[in-house]
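User: I would like to learn how to read a model of this kind, feature by feature. Please give the general idea each time, then the case at hand.

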Amino acid sequence: MDELDAAFPQAERTGPPGGRYATELFTDGVGALTVFRPVRSPRDHGRIEVVDLPAADLAVTVHAGPHDDIDVSYGRLGDWVVSHALGIDGPVHETYLAGPRDNGDARRWRTEIGWPVFRLTPG
């Protein structure tokens, strides 16, 4: 994130930073991850690569506060997805709506968690 912040000053940013985390990171402790920041004019810079993130249907919740207990929010969202039989394979998404870069008071942090699901069409 520090590299992204340095490469793209505030005026170039168009949204909050985030990450996509492969399921294997949670189940096996090893897996792919992508940390990103939406910007006006994407460009490669050092270790930063331009990527187009594909659209995804997600079940979403917002975790309020520090990440010490973010696993509780993950668990609640995962339980909801499983109980509705909607889960599909794909990376879990996090969007850092407010975090340490925005506020030193961890009680004000907000992390949006998105779990991949399939879309139900109205019938």
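User: What should I know before reading any values?

Analyst: This is a predicted model, in which local features need pLDDT of at least 70 and side-chain atom pairs count only at pLDDT 80 or more, while totals for chains, interfaces and linings use all residues. Residues are numbered from 1 along each chain as its sequence is written, and side-chain values use heavy atoms, with hydrogens and water left out.

User: How many helices and strands does the chain have?

Analyst: Helices (H or I, at least four residues) and strands (E, at least two) are DSSP runs, numbered from the N terminus. Here there are three helices and five strands, in the order α-β-α-β-β-α-β-β from the N terminus on. The C-alpha atoms fill a box of roughly 45 × 35 × 30 Å along the principal axes.

User: What share of the chain is buried?

Analyst: Buried means under 20% relative accessible area, exposed over 50%, and partly exposed in between (1.4 Å probe, protein chains only). Buried residues are 31% of the 123 residues in the chain.

User: Which residues make up the largest nonpolar core?

Analyst: A nonpolar core is a set of buried Ala, Val, Leu, Ile, Met, Phe, Trp, Tyr and Cys residues joined through side-chain atoms within 4.5 Å. The largest one has nine residues: Ala59, Ile70, Tyr74, Leu77, Val81, Leu86, Val92, Ile113 and Val117. Helix 3 (residues 70-83) gives the most to this core, with four residues. A second, separate core of five residues includes Ala7, Phe8, Val39 and Ile48.

User: What does Val92 contact?

Analyst: Contact means heavy atoms within 4.5 Å. Apart from neighbours within four places in sequence, Val92 is in contact with Gly19, Arg20, Tyr21, Phe26, Tyr74, Ile113, Gly114 and Pro116.

User: How are pockets found, and what is the volume of the largest pocket?

Analyst: Rolling a probe the size of a water molecule over the atoms shows where empty space is left. On a 1 Å grid over the protein atoms alone, a pocket is an open set of points where a 1.4 Å probe fits, with protein on both sides within 12 Å along at least five of seven lines; lining residues have an atom within 4 Å of a point. Grid points are joined across faces, edges and corners, and a volume is the space filled by probe spheres set on the points. The largest pocket holds about 560 Å³. Of its 21 lining residues, the closest to the centre are Leu4, Val35, Phe36, Ile48 and Glu49. Strand 2 gives the most to this lining, with four residues.

User: How do the residues of that lining divide?

Analyst: Ala, Val, Leu, Ile, Met, Phe, Trp, Tyr, Cys and Pro count as nonpolar, Asp, Glu, Lys and Arg as charged, and the others, Gly among them, as polar. The lining of the largest pocket has 13 nonpolar, one polar and seven charged residues.

User: What is the volume of the second largest pocket?

Analyst: Its volume is about 280 Å³. Among its 17 lining residues, Pro17, Arg37, Tyr96, Arg101 and Asp102 are the closest to its centre. This lining divides into seven nonpolar, five polar and five charged residues.

User: Why does Thr34 count as partly exposed?

Analyst: Thr34 counts as partly exposed because its relative accessibility is 32%. Thr34 is found in strand 2 and touches Gly18, Gly19 and Arg20, not counting residues up to four places away in sequence.

User: Where is His84?

Analyst: His84 is in the loop between helix 3 and strand 4. His84 is partly exposed, at a relative accessible area of 40%.
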